Amino acid sequence: MASFFNIKSHKRFDYKPRFYSEEKERIEDLKKRINEQELSDSEREKRIREAFHSNRPILKKKGTLSYKWLLIYLFILILLLLFIFR
């Protein structure tokens, strides 16, 4: 009769989700390298230029995409105006 009223407690889990961020890992690696070695001015300048040039194609691509959409919208607008005033 005692086992009939024996109620088990719920189980608890220690689940901690882990996320992988490539950008965060890259930044942490750079911080470690900077702390390990003192950089000269020319080395810092070189790294800044490399970082700027690596991000530059992304900025250029965004600009070309907006330019393409502008041309498409202008073309559609011209077609609509020709259709209306004809």
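Two salt bridges are counted in this predicted model, where a salt bridge is a side-chain nitrogen of Lys or Arg within 4 Å of a carboxyl oxygen of Asp or Glu. One of the bridges joins Arg26 to Glu23, with 2.7 Å from N to O. These two residues sit three apart in helix α1, so about one helical turn separates Arg26 from Glu23. Arg26 counts as partly exposed because its relative accessibility is 43%, and Glu23 is likewise partly exposed, with a relative accessible area of 45%. For these labels, buried means under 20% relative accessible area, exposed over 50%, and partly exposed in between (1.4 Å probe, protein chains only).

Glu45 and Arg49 also meet in a salt bridge through their side chains, at 2.8 Å from N to O. Here the two residues are four apart in helix α2 (residues 41-85), so they too are separated by about one helical turn. Glu45 is partly exposed, with a relative accessible area of 41%, whereas Arg49 is exposed, at 51%.

Turning to the rings, one aromatic pair is found. Trp69 and Tyr73 make up this pair, which is tilted, with 5.9 Å from centre to centre and 35 degrees between the planes. The rule behind the label is that rings of Phe, Tyr and Trp (its six-membered ring) pair if their centres lie within 6.5 Å, with planes under 30 degrees apart counted as stacked, over 60 as edge-to-face and the rest as tilted. Both residues belong to helix α2, four residues apart, or about one turn of the helix. Trp69 is partly exposed because its relative accessible area is 47%, while Tyr73 counts as exposed at 53% relative accessibility.

Charge also gathers on the surface: Glu22, Glu25, Glu28 and Asp29 form a patch of negative charge. Patches are made of residues with over 30% relative accessible area and no salt bridge, with like charges joined within 9 Å and nonpolar side chains (Val, Leu, Ile, Met, Phe, Trp, Tyr) within 5 Å. Asp and Glu count as negative, and Lys and Arg as positive, while His and the chain ends are not counted. The place of a charge is taken as NZ of Lys, CZ of Arg, CG of Asp or CD of Glu.

Of its 86 residues, 1% count as buried. The accessible surface comes to about 9,700 Å², of which 61% belongs to carbon and sulfur atoms, by the Shrake-Rupley method with a 1.4 Å probe.

Residues are numbered from 1 along each chain as its sequence is written, and side-chain values use heavy atoms, with hydrogens and water left out. Because the model is predicted, local features need pLDDT of at least 70 and side-chain atom pairs count only at pLDDT 80 or more, while totals for chains, interfaces and linings use all residues.
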